[in-house]
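Please give me a walk through this structure, one selection at a time. I have it open in a viewer and have not seen it before.

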Amino acid sequence: MFLQQIINGISIGLIYALVSVGYSLIFGVLRMMNMAYASILTVGAHFCLSLVQAKFGFFPAIIVALVLTGLVSVFFDVSMLAPLRKKTGSDSVTVLITAIGFNYILLNLCLVIWGSERKPFQNVFDFGSLQVGSVIFDSSQIVIMATALVILAALTWVIYGSKIGLGMRAVQQNTKAANLAGVNTKVVITFSFFISGITACIAGFLIASYYQLIYPTMGVALGGKAFAAAVLGGIGVLHGSVIGGLIVGILECVAVYFFGGGVRDAVAYIILILVLLLVPSGLFGKSENTKV
Amino acid sequence: MLNVTNLNTFYGNIHAIKDINLEVKQGEIVTIVGSNGAGKTTTLMSICGVLRKARGSKIEFLGEDITDLSPCEIVKRGISVSPEGREIFPGLSVSDNLKLGAFTRTNAAEISDSYERVYALFPRLKEREKQNAGTLSGGEQQMLAIGRAIMSKPKLLLLDEPSMGLAPNLVKMIFKLIKEINGQGVTIMLVEQNASMALKIANRGYILETGRVKFCDSAEVLRTNNEVKKAYLGGK
Amino acid sequence: MKKALSLVLALAIALSLVACTSTGTTTTTTSEDQTTATTEQATETQNLDPIVLGCSGPLTGNNAQFGENALNGIMVAIEEINADGGLLGGRMLEVRSYDDKGTGEEGASVAELLISDEDVCAVPSAAYGSSVGLVEAPLFQEAGLVAISNSASHPDFSATGDCIYRNNLTEAGELQYAYQMPQVVGAKKLGIVSMMSEFGESFTAGFEALQEQYGDKVGFEIACVSWFTDGTVDFAPNIAELINAGCDTIIFFAEYNNFASFAIQYRKLDPNAQFIGLMTCYTPDLVNLGGDSVEGVYLYSCLNPNSTNPEVQKFVAAYKAKYDGAEPDFVAANAYDSVKIIAAAIEQAGSADREAIREAIKTAHVVCTAGDLSFDANGDAVKSVVMFKIENGQFIEVEGAFKLWDEFVASLS
Ligand SMILES: Nc1ncnc2c1ncn2[C@@H]1O[C@H](COP(=O)(O)OP(=O)(O)O)[C@@H](O)[C@H]1O
Ligand SMILES: [Mg+2]
């Protein structure tokens, strides 16, 4: 029973990790909390729903949904954030409010286009379940864990192994110097928004197919907890976000084991506040003064 | 090679650069000296595309108008900069810092030649290849900043106060290396507060005062100019 | 930087809390957007004033389905009455409906809108559920506007006053059927899953009180009570708790959409347990959302669409014809009946004044889907209940499953 909760915690924690990484990616390059991320995730999941229903093949539908969500994320940056960056008077609060605004615009669009009710979403991963001792692995749980791990590995490769990833890390460390070295910061930022959009869509798709449900507010609780996980791990730090996500997921399930279901949603924030009181920059966060 | 005409640059309302004209010829070392706040860094940043220039300003490089190009386009054209305060990437390894210098280049063989060249110039960097740049000493960080600028295989190298905050023996060594890089065919524009050292290795010099060019002549002439001596060379 | 971080954090938490407590707050539809529907059949060239009925319900948010179904039920009744020539010698019925988003705040402002609209003479469908209903009830009572809830089950609702009626089972009434269910399906170890809401908490307490009294006589024990909060999508911790307690039967005290999620997740881990749902789960949407996972679920409702009762058949046929073959649920049927009884009161009083309706409805009765419907002294309708089992996605009646409460108690000893 306890072990079962840990397994449940890991699978939900990996989804938090994916979303959390999305926050960190954008924070890394722009020092900005992408508060529109939860809605981008929701829009991504709804794209999956509509495109799968269009019946031109399951995987092609998902791929189109991924690209579209990436473009929505890029659109957000190009149409709203980029003009703000050019203006001298705009500070981090302006950007933050813009993001929160865009979050609500997307959420409302979702409501208008797809309606507010919960809609069924097919579970393509249902191959029954597997019992190991007293612990039951449900097949969609296994697929979620595997997919999340593959995506996290791919993101790690992009960031630590590819040239554009090097550019992203350079922009994160020192935007001015990256610019001077010939890194096209616009391209790097656009790319970051694109892959964070794709990550959001994958997370939205996994969540929707795991719970077989899709609805416009699906991103709200998830986004909040994943954001907490990102800050917990030290926002901007990739592995910090992954570990933050796992901690939130596991502790949440363990807390339910000890205190019942009512405490569940508060857990992420309680851990977050405790950690921030002890380590203000998060578990793996570097304190700001390392930035030149 | 580089022709700057009527350069005017503003920070908001502050008119930092006023009608500056500059010329750099192939193979030269040109130095820009001036006291703190004279506008040296602003001039460099205007050239390499980070700052926007006022209307009427014109910057030509190898006959091409580069006034409104973005920094990465300008790097591609063959101008690179080792900025004031080094501006290295502290959380990245020394070799990743260098790799970023070659970001606009694609030919892997040529890039690895550039690594060889940088490591030959600065063997210390080779020893610390895997180390995070933030852990390097001040002198080593300066070498890294220059090395990174060289990685783009520039035709014109802009150096902004490479001697700042270094011990005298290190300053000497850096200046020696600058000569050496110039000897390998790289044209150099050297911004310095340490005017005596700069004028020793430069062919020509510009003296900036509150955003304007005060004097412009060959290095020997400037070294012997009384006014320059008094203001910038310790009055000897 | 740290300051900015904590600011953002505070904002994020505040936002997520707002979003958790009221999923409807972000919709574009405001309560001002109203749906007015009139039938085009203007009888002859008579220019009689229409009789306007009011409706409050969630048209967006988690319970939007119920709000929509209630409105649909009203529309079917209105069309039927208008087709028969309207009321009071040819006056047509129409409805003004506002979205209360399933929240108390919006519910209160919708109630105020209906009250201040002098055309509105009665409200055949007040807010969905007891929580919002209890906010609206005192407002309607004070204004002297008759309002009927088709879904509230809280005992206090109809006790508000003589303007407030309940065309639904009371909680105590529903408990008597809910408590029979585990016994009927032969449960041994019962798990209760309940939402932390006014309804969930009071229903669980009521159920446990019955168990306290009859526990040694019935064939089942309560092995586990597992709670969740509104908006939960991941029931894994609840399920682990239930499976660990060895439950063979689960009874679920919340709406169909939560139940569908729960059933899907539960079935993956234990395909054999029996499920019992309440009346709020009796809706075709349960099958749409839950698919195979809700096969074999037992539940009950006041409405049996397959009943041979001609009133039910007429209603179901009209409803399906109007809404593309959609099946009505109990809320739709109750709302239909509520319009019918208000119409009866208007005819009886010979007037569509608020005050006249208030007096007439006390003694009005009408033959409708619920049989011969009238309200008792408490303002509650008397309802009978039928048990169903979901087979191949259909709600199949389990005949003779329920006993009258006294008979049930007598049968235990
Ligand atoms: N970012 C800035 N915003 C406003 N004024 C600036 C900025 N940077 C430099 N200045 C001003 O522009 C002038 C030239 O500065 P700078 O080019 O840095 O001088 P130098 O490099 O010669 O020391 C100074 O008066 C300085 O105060
Ligand atoms: Mg300077």
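**Before you start**

This is a predicted model, in which local features need pLDDT of at least 70, side-chain atom pairs count only at pLDDT 80 or more, and totals for chains, interfaces and linings use all residues. Residues are numbered from 1 along each chain as its sequence is written, chains are lettered from A and ligands numbered from 1 in the order in which they are written, and side-chain values use heavy atoms, with hydrogens and water left out.

**Stop 1: the chains**

Colour by chain. A contact means heavy atoms within 4.5 Å. Now look at chains B and C. They do not touch, and their nearest C-alpha atoms are 19 Å apart.

**Stop 2: chain C as a whole**

Select chain C. It holds 14 helices and 15 strands. Helices (H or I, at least four residues) and strands (E, at least two) are DSSP runs, numbered from the N terminus. Chain C has 413 residues, and 59% of them count as buried. Buried means under 20% relative accessible area, exposed means over 50%, and partly exposed is in between, with a 1.4 Å probe and protein chains only. Take the contacts in chain C with a separation of 6 or more: 69% of them join residues 24 or more positions apart.

**Stop 3: helix H7 of chain C**

Select residues 198-214 of chain C, which form helix H7. At 1.5 Å a residue, these 17 residues should span 24 Å, and the end C-alpha atoms are 24 Å apart, which agrees. The expected span is 1.5 Å times one less than the number of residues.

Which residues of H7(C) are buried? They are Gly200(C), Phe203(C), Thr204(C), Gly206(C), Phe207(C), Leu210(C), Gln211(C) and Tyr214(C). Look down the axis of H7(C): its buried residues fall within an arc of 165°, so they line one face of the helix. The arc is that of the directions from the helix axis to the C-beta atoms. An α-helix has 3.6 residues a turn, so residues three or four places apart point the same way. On the other side of H7(C), Glu212(C) and Gln213(C) are exposed.

Next, show what the buried residues of H7(C) pack against. The partners in chain C include helix H6 (171-184), strand E7 (189-195) and helix H14 (405-412).

**Stop 4: helix pairs in chain A**

Two packed helices are described by the angle between their axes and the distance between the axes. Axes are lines fitted to C-alpha atoms, for helices over the stretch in contact, and angles run from 0 to 180 degrees between N-to-C directions.

Select H1 (residues 2-30) and H2 of chain A. Their axes come within 10 Å and cross at roughly 125°. That makes H1(A) oblique to H2(A). Angles under 35 degrees count as roughly parallel, over 145 as roughly antiparallel, 65 to 115 as roughly perpendicular and the rest as oblique. Val19(A), Gly22(A) and Tyr23(A) of H1(A) meet Tyr37(A), Ala38(A) and Leu41(A) of H2(A).

The contact is made by Ala38(A), Leu41(A), Thr42(A) and Ala45(A) of H2(A) and Met218(A), Gly219(A), Leu222(A) and Gly223(A) of H9(A).

Move to H5 (residues 139-161) and H6 (residues 163-173) of chain A. Their axes come within 5 Å and cross at roughly 75°. That makes H5(A) roughly perpendicular to H6(A).

**Stop 5: helix H3 of chain B**

Select residues 94-101 of chain B. Helix H3 is mostly covered here, with seven of its eight residues buried. Among them are Val94(B), Leu98(B) and Leu100(B). The cover includes H6 of chain A, together with H4 (108-121), H5 (123-127) and H6 (138-150) of chain B.

**Stop 6: two loop residues in chain B**

Most residues other than glycine have a negative phi, and most peptide bonds are trans. Select Leu62(B), where phi is near 50°, a positive value. Leu62(B) sits in the loop between strands E4 (58-61) and E5 (64-65) of chain B. At 44% relative accessibility, Leu62(B) counts as partly exposed.

Now select Glu161(B), where phi is also positive, near 50°. Its loop runs between strand E7 (156-160) and helix H7 (168-183) of chain B. Is Glu161(B) buried or exposed? At 5% relative accessibility, Glu161(B) counts as buried.
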